[in-house]
Amino acid sequence: MIRIPRSQTGTFRLPAPLATVMPLFTAEGERRWAKGWEPEILSGGEQRGSAFRTRNDRGSVTTWIVADFRPAEGRATYARLAAGSNIGLVDVHCVAAAGGGTDVTVTYTLTPLDAEAESFVEAFLRPEAFALMMGEWAEATAAALARG
């Protein structure tokens with residue numbers, strides 16, 4: 001059975017300029033705000049083709065590859081493979097907000113790898129769940145910025 005990629009997008013505003021915000025959306029930068037985020041760097045750093053691996057609290061492994069990183073343009077894209085579950089892309093696009101700060105738009109595009117993963121992807125991308133996650137990201141990244 002061919003599975004179809006599905007996407008969900010959310011946006012939030014941070015009270016800091018683009019140059020300060022973009023480092024938060026790198027493998028190392030996410031340590032500042034994402035609870036339990038402990039990337040194992042496999043190659044490179046932030047440049048295209050760099051790779052890292054993460055484990056969630058259940059021990060599931062996700063391998064990430066930097067597909068695009070243009071901080072001056074506010075763009076970062078990561079390809080990801082959540083072992084035995086799903087594959088996809090995470091796109092982060094940051095732009096200077098009218099009146100100050102930075103608007104952050106995050107899009108997850110996921111494809112389940114099997115029938116069991118269908119329900120995970122469906123739940124993860126449900127609009128209410130995704131909006132809740134974006135709210136958590138907004139709060140955590142704003143707190144990281146406030147800490148300096």
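Modeller: At 42% relative accessibility, arginine 126 counts as partly exposed. The model is a predicted one.

Biologist: With which residue does the side chain of arginine 126 meet in a salt bridge?

Modeller: A salt bridge needs a side-chain nitrogen of Lys or Arg within 4 Å of a carboxyl oxygen of Asp or Glu. For arginine 126 the N to O value is 3.2 Å, and the partner is glutamate 128.

Biologist: Is glutamate 128 buried or exposed?

Modeller: Exposed means over 50% relative accessible area. The value for glutamate 128 is 54%, so this residue counts as exposed.

Biologist: How many residues apart are aspartate 103 and arginine 13?

Modeller: Aspartate 103 forms a salt bridge with arginine 13, with 2.7 Å between the closest N and O atoms. This pair links distant parts of the chain, since aspartate 103 is in strand 7 (residues 102-112) and arginine 13 is in strand 1 (residues 6-14). The two are 90 residues apart.

Biologist: Which residue meets arginine 31 in a salt bridge?

Modeller: Arginine 31 is partly exposed, at a relative accessible area of 35%. The N to O value is 2.7 Å, and the partner is glutamate 38.

Definitions and conventions
Residues are numbered from 1 along each chain as its sequence is written. This is a predicted model: local features need pLDDT of at least 70, side-chain atom pairs count only at pLDDT 80 or more; totals for chains, interfaces and linings use all residues. Side-chain values use heavy atoms; hydrogens and water are left out. Helices (H or I, at least four residues) and strands (E, at least two) are DSSP runs, numbered from the N terminus. Buried means under 20% relative accessible area, exposed over 50%, partly exposed in between (1.4 Å probe, protein chains only).
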